[in-house]
Amino acid sequence: AGGLADGRLSYDLAGDSLALQLRLDHLDLSRLSTFKGQVDGHLEARGNPQGERYALQLDLSAHQLNALPGPPLDAQLQARLQPDQVLSATLDSRLGRVQVAGTLAVSGQYDLGLTGALDPSTLLGYAASPVQLQGRARPDSLELRLDSPSLPLRDIHLGPAHAELALAGGR
């Protein structure tokens with residue numbers, strides 16, 4: 001069974017008003033991508049295309065997602081975009097929680113702050129200290145900072161770990 005995708009789209013040309021509703025029920029990802037698992041979700045969007053103003057609400061749940069090493073996982077994504085281009089999103093799974101807040105324009109421009117707490121134990125297969133994540137994403141750069149009270153090595157207790165990653169211009 002491939003699941004169900006059901007939606008409705010309407011556009012009022014005179015009023016420049018767009019409305020979209022999409023519902024996913026047990027959609028089989030293996031039919032659409034290299035990932036395995038199922039997705040349930042709801043997307044509601046409204047906007048004015050000529051004025052480039054949109055509001056969006058997205059709620060997705062992935063079940064038995066097989067996209068990373070280790071056992072399949074469940075994940076939930078909630079995202080909201082306001083007409084003033086303010087975006088907020090949260091991704092939750094047993095790997096941790098990541099929150100995104102910032103601006104996202106229809107033109108593709110964005111400036112997003114990232115915060116979160118990750119649990120490397122799930123990927124490593126043994127107990128490890130959580131990793132705090134902070135960062136910023138823009139079209140031309142990505143900056144990430146990772147902090148942990150202890151480097152995640154099995155049975156070796158080293159002091160605090162800190163890593164910074166900066167990509168600019170695709171490098």
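Author: Start with one pair. D111 and R136 form a salt bridge, with their closest N and O atoms 2.6 Å apart. D111 belongs to strand β8 (residues 110–118) and R136 to strand β9 (residues 131–138), so the pair ties together parts that are 25 residues apart in sequence. This is a predicted model: local features need pLDDT of at least 70, side-chain atom pairs count only at pLDDT 80 or more, and totals for chains, interfaces and linings use all residues. Residues are numbered from 1 along each chain as its sequence is written, and side-chain values use heavy atoms, leaving out hydrogens and water.

Reader: What is a salt bridge?

Author: Side chains of opposite charge can pair when their charged atoms come close. The rule here asks for a side-chain nitrogen of Lys or Arg within 4 Å of a carboxyl oxygen of Asp or Glu.

Reader: How many salt bridges does this rule give?

Author: The count comes to eight. Among them, D92 meets R97 at 2.7 Å, N to O. E44 and R46 form another, with 3.7 Å between the closest N and O atoms.

Reader: Which residues are linked in a network of salt bridges?

Author: R145, D147 and E164.

Reader: Are D111 and R136 buried, partly exposed or exposed?

Author: Look at relative accessible area. Under 20% is buried, over 50% is exposed, and in between is partly exposed (1.4 Å probe, protein chains only). D111 has 28%, so this residue is partly exposed. R136 has 34% and is partly exposed too.

Reader: And the other two pairs?

Author: Take D92 and R97. D92 is partly exposed at 22%, and R97 is partly exposed at 41%. Now E44 and R46. E44 has 28% and counts as partly exposed; R46 has 44% and counts as partly exposed.

Reader: How do I read strands?

Author: In a regular strand the side chains alternate between the two faces of the sheet. Strands here are DSSP runs (E, at least two residues), numbered from the N terminus. Two strands pair if DSSP finds at least two bridges between them.

Reader: How many bridges join β5 to β6?

Author: Seven, and the strands run antiparallel. β5 covers residues 73–81 and β6 covers residues 86–93. L81 stands opposite L87 in β6.

Reader: What lies between β5 and β6?

Author: Four residues, and the two strands form a hairpin. In the turn, Q85 has a positive phi of about 75 degrees.

Reader: How is β6 joined to β7?

Author: Eight bridges join β6 to β7 (residues 96–104), again antiparallel. A hairpin of two residues links them. V86 has T103 in β7 as its bridge partner.

Reader: Where is L68 found, and what does it touch?

Author: L68 is in the loop between β4 (53–66) and β5. Contact means heavy atoms within 4.5 Å. Leaving out residues up to four places away in sequence, L68 touches L73, L95 and L123. L68 and L123 are 55 residues apart in sequence, yet 8.3 Å apart in space, C-alpha to C-alpha. L68 has 39% relative accessibility, so this residue is partly exposed.

Reader: Which residues make the nonpolar surface patch of about 320 Å²?

Author: L151, L153, I156 and L158. Patch residues have over 30% relative accessible area and no salt bridge; like charges are joined within 9 Å, nonpolar side chains (Val, Leu, Ile, Met, Phe, Trp, Tyr) within 5 Å. Areas come from the Shrake-Rupley method with a 1.4 Å probe; for residues, only the protein chains shown count as cover. I156 sits in the loop between β10 (141–148) and β11 (161–168). I156 is partly exposed at 44%.
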